[in-house]
Amino acid sequence: MSLKRSISLIFGVVFLLVGVIGFFSNPILGFIGIQWFVVNLAHNLVHILSGILGLIGSKSDKYANYYLKGFGLVYALVAVLGLVWPNDMILGFIHIDFTDDILHIVLADGLLISGFALPDHKEVKAM
């Protein structure tokens with residue numbers, strides 16, 4: 001499996017898990033009063049869609065390349081919108097806050113670097 005396909009798979013699994021976990025209350029962080037990431041239904045569905053597309057992207061080098069570059073640009077746009085949007089609801093239905101903005105900047109960097117800077121067909125050897 002190529003490096004880009006592996007990274008697409010990792011992002012896909014993580015996004016999918018985060019999207020599913022977002023539907024459940026977090027008793028540990030909620031119990032001590034820390035709520036870093038507040039999401040709503042639309043935000044969870046975006047994470048699940050991002051995860052599914054990441055899993056699809058991991059099926060071929062071409063799809064992985066499209067996924068990493070495309071979602072890198074999408075998350076960069078979301079980060080900019082989050083920083084300049086006048087309230088905490090992007091497009092009126094996706095809840096976002098400052099911690100989300102920072103995370104989206106980091107995600108965009110990781111996706112864009114993976115998509116544009118890594119070689120297209122470098123294989124990853126299984127250990």
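Helix α1 covers residues 3-21, which makes 19 residues. At 1.5 Å a residue, helix α1 should span 27 Å, and its end C-alpha atoms are 27 Å apart, so the two values agree. The expected span is 1.5 Å times one less than the number of residues. Helices (H or I, at least four residues) and strands (E, at least two) are DSSP runs, numbered from the N terminus.

This is a predicted model, in which local features need pLDDT of at least 70, side-chain atom pairs count only at pLDDT 80 or more, and totals for chains, interfaces and linings use all residues. Residues are numbered from 1 along each chain as its sequence is written, and side-chain values use heavy atoms, with hydrogens and water left out.

**The whole chain**

The protein chain has 5 helices and 2 strands. Along the sequence they follow the pattern α-α-α-α-β-β-α. The chain has 127 residues, and 32% of them count as buried. Buried means under 20% relative accessible area, exposed means over 50%, and partly exposed lies in between (1.4 Å probe, protein chains only). The chain exposes about 7800 Å², with 75% of that supplied by carbon and sulfur atoms. Accessible areas come from the Shrake-Rupley method with a 1.4 Å probe; for residues, only the protein chains shown count as cover.

Contact means heavy atoms within 4.5 Å. Take the contacts in the protein chain with a separation of 6 or more: residues 24 or more positions apart account for 78% of them.

**Helix α1 and its partners**

Which residues of α1 are buried? They are Lys4, Ser6, Ile7, Ser8, Phe11, Gly12, Phe15 and Gly19. These buried residues pack against α3, α4 (61-84) and α5 (98-116).

Ser8 is one of the buried residues of α1. Leaving out residues up to four places away in sequence, Ser8 touches Gly54, Leu55, Gly57, Ser58, Ala64, Tyr67 and Leu68.

Ser50 sits in helix α3 (residues 41-57). Beyond its neighbours within four places in sequence, Ser50 is in contact with Phe15, Tyr67, Phe71 and Tyr75.

Here are the relative accessibilities of five residues.

| Residue | Relative accessibility | Class |
|---|---|---|
| Ser8 | 0% | buried |
| Ser50 | 1% | buried |
| Tyr75 | 4% | buried |
| Phe15 | 5% | buried |
| Leu83 | 46% | partly exposed |

**Aromatic rings**

A pair of aromatic rings is described by the distance of the centres and the angle of the planes. Rings of Phe, Tyr and Trp (its six-membered ring) pair if their centres lie within 6.5 Å; planes under 30 degrees apart count as stacked, over 60 as edge-to-face and the rest as tilted. By this rule there are 4 aromatic pairs. One of them joins Phe15 and Tyr75, a stacked pair at 5.2 Å centre to centre with 15° between the planes. Phe15 lies in helix α1 and Tyr75 in helix α4, so the pair ties together parts that are 60 residues apart in sequence. One aromatic cluster takes in Phe11, Phe15, Tyr67, Phe71 and Tyr75.

**The nonpolar core**

A nonpolar core is a set of buried Ala, Val, Leu, Ile, Met, Phe, Trp, Tyr and Cys residues joined through side-chain atoms within 4.5 Å. How many residues has the largest nonpolar core? It has 10: Ile7, Phe11, Phe15, Tyr67, Leu68, Phe71, Tyr75, Leu107, Ala108 and Leu111. The elements α1, α4 and α5 each give two or more residues to this core. Helix α4 provides the largest share, 4 residues.

Tyr75 is a member of this core. Setting aside residues up to four places away in sequence, Tyr75 touches Phe15, Val46, His47, Ser50, His104, Leu107, Ala108 and Leu111. Tyr75 and Leu107 are 32 residues apart in sequence, yet their C-alpha atoms are 6.8 Å apart in space. Leu107 is in contact with Phe11, Phe15 and Tyr75, again leaving aside neighbours within four places in sequence.

**Leu83**

Leu83 also lies in helix α4. Is Leu83 buried or partly exposed? At 46% relative accessibility, Leu83 counts as partly exposed. Leu83 and Ile96 are 13 residues apart along the chain, and 9.7 Å separates their C-alpha atoms.
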